[in-house]
Amino acid sequence: GVISAVILGLLQSAAVYQMLGKGFGLKEMSVLAFIPALSRCVSIEDLFWLKPLPASSYTGLTKEIKKRHRIIPILEGICVLACVWFICGAHIFEALLIGLAVEQSVIIYLRKDLGGFSGDVSGAAITAGELACLIAIAFA
C-alpha cells in the first residue's frame, strides 16, 4: 500500500521531469489528468466482466449491476481517449494504449494467481497501469 504509493509518486515526479526535459508543453502535460481516469475505467470494466473472488466484497456488487450499465466504463474510456487524441496528439495516445495494455496484463496475471478478481488486484493493476502510462509517455 504505502510503499507502492511512495514509489508511484517518485516515478511520477521522474516522468514529469523527463517530459519537461524533452520540451513537452502544457498541451502534452495535460495528459496527466487523463491517466487516472483511464486506469480506473479499465479496472471498473474488469470488475464487471471477470469473476470475483468468493470472499470479495465485489461478489455482491457485481450481482446488483444490470448488464446495460456495464457499457458505461467503456463509453467513458472512449471519451477520455478521444480527448487525449485531440488535445495531446497521436504519440501520447499510443503511449497510453501501451500503459493500459500493461494494466490489463497485470489484472489477468493477478486474477489467475489469486483465483479471482478482488480489490487487491484492482489496486495493484491501477498502480501498475498509471506507472506504465507515465513511463511510456516519458519515452514517447
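This is a predicted model: local features need pLDDT of at least 70, side-chain atom pairs count only at pLDDT 80 or more; totals for chains, interfaces and linings use all residues.
Guide: Residues are numbered from 1 along each chain as its sequence is written, and side-chain values use heavy atoms, leaving out hydrogens and water.

Visitor: What makes C83 count as partly exposed?

Guide: Buried means under 20% relative accessible area, exposed means over 50%, and partly exposed is in between (1.4 Å probe, protein chains only). C83 sits at 34%, so partly exposed it is.

Visitor: Why is α3 called roughly antiparallel to α5?

Guide: Their axes (lines fitted to C-alpha atoms over the stretch in contact, with angles from 0 to 180 degrees between N-to-C directions) come within 9 Å and cross at roughly 155 degrees. Angles over 145 count as roughly antiparallel, under 35 as roughly parallel, 65 to 115 as roughly perpendicular and the rest as oblique, so α3 is roughly antiparallel to α5.

Visitor: What meets what between α3 and α5?

Guide: Contact means heavy atoms within 4.5 Å. Residues of α3 including F34, L38 and I44 meet residues of α5, among them V80, L81 and C83.

Visitor: How many helices does the protein have?

Guide: Seven helices and zero strands, taken as DSSP runs (helices H or I, at least four residues; strands E, at least two) numbered from the N terminus.
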